[in-house]
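Welcome! Please take a moment to look at the sequence and the 3D view, and then we can walk through them together.

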Amino acid sequence: MDRAFDYGSKGWGFESLQVRFIFTFWLKKTMKKGVVHFMKKALAQAVAAEKRGEVPVGAVLVRDGRVIGRGGNTPIANCDPSAHAEIEALRRAGEKTGSYRLNGAEMYVTLEPCLMCYGAMVQARIAKLYYGADDAKNGIFSSGVFDNVKHVFNHRIAVEAGLLAGQASELLTGFFQARRGAGAVERDGLENRYGG
């Protein structure tokens, strides 16, 4: 690179920029593949949650390119309203790393997080959040809640929305259509359908 800089007037500078551009393009493409790869792992967690009779939401927590925590919704099975996929992934990552601070970690979740889950991610110092489907009713961003509470958070999380949103939305839509057809949602929730 130094030679390219020194000989910029002879065309080397352009070649260096070209090499730099190709490397940057390759790096971004490689990173994007990784992002999709991890979101697919989160979708697999959502499918597993659905098979257990839970709302199909899945999450995967990644640090340094390795999964350190994963989870699917388990509020019904655990009789725990806080057992959202993100919370389960954070709990497992904390156990695995021996720390509740997960600096530099990235959360991949199939549905936009609620206020509770986002707050837990702030406490864990998650670096980046990738989510699939928007949640206009309960999602921290789509519902407008974030604009009202962002001043209380002492940590900022970078957010990328809409990653594999179509697949995540289809999973949720299919789940709720099947339950509404059975009348489960209208009769006080999913617990009635599964004997909870």
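Which residues does Leu-102 touch, not counting residues up to four places away in sequence? Keep that question in mind as you read about the core.

## The nonpolar core

What you see is a predicted model. Leu-102 touches Leu-61, Arg-63, Ile-68, Leu-90, Ala-93, Gly-94, Thr-97, Ala-124, Arg-125 and Ile-126, leaving aside residues up to four places away in sequence. Leu-102 also belongs to the largest nonpolar core, which has 44 residues. Along with Leu-61, Met-107, Tyr-108 and Ile-126, Leu-102 is among those with the most contacts inside this core.

At least two residues come from each of the helices α2 (12-51), α4 (85-97), α5 (115-124) and α7 (165-182). The strands β1 (58-63), β2 (66-72), β3 (106-111) and β4 (128-133) each supply at least two residues as well. As a general background, nonpolar side chains in soluble globular proteins tend to be buried together.

## The sheet

Now turn to the strands. Five of them form an open sheet in the order β2-β1-β3-β4-β5, and the pairing is mixed. At the edges lie β2 and β5 (158-161), each of which pairs on one side only. On average, neighbouring strands of this sheet are turned by 15° against each other, with direction ignored.

Val-60, for instance, has Arg-70 in β2 as its bridge partner. Helix α4 packs on the sheet, where α4 touches β1, β2 and β3. The direction of α4 makes about 140° with that of β2.

## The aromatic rings

The structure holds nine aromatic pairs. One of them joins Tyr-118 and Phe-146: the ring centres are 5.6 Å apart and the planes stand at 80°, so this pair is edge-to-face. Tyr-118 sits in helix α5 and Phe-146 in helix α6 (residues 145-149), so the pair links parts of the chain that are 28 residues apart.

Are these two residues buried or exposed? Tyr-118 is buried, with a relative accessible area of 1%, and Phe-146 also counts as buried, at 15% relative accessibility.

Phe-146 has another ring partner, Phe-141: their centres lie 5.1 Å apart with planes at 55°, so that pair is tilted. Phe-141 is partly exposed, with a relative accessible area of 24%. Together with Tyr-131 and Phe-153, the residues Tyr-118, Phe-141 and Phe-146 form one aromatic cluster.

Key. Residues numbered from 1 in each chain as written. Predicted model: local features only at pLDDT ≥ 70, side-chain atom pairs only at ≥ 80, totals over all residues. Heavy atoms only, no water. Core = buried A, V, L, I, M, F, W, Y, C linked by side-chain atoms within 4.5 Å. Buried < 20%, exposed > 50% of the residue type's maximum accessible area, 1.4 Å probe, protein only. Helix = DSSP H or I, 4+ residues; strand = E, 2+ residues; numbered from the N terminus. Contact = heavy atoms within 4.5 Å. Phe/Tyr/Trp six-rings, centres within 6.5 Å; stacked < 30°, edge-to-face > 60°. Pairing = 2+ DSSP bridges. Axes fitted to C-alpha atoms, helices over the stretch in contact; angles between N-to-C directions.
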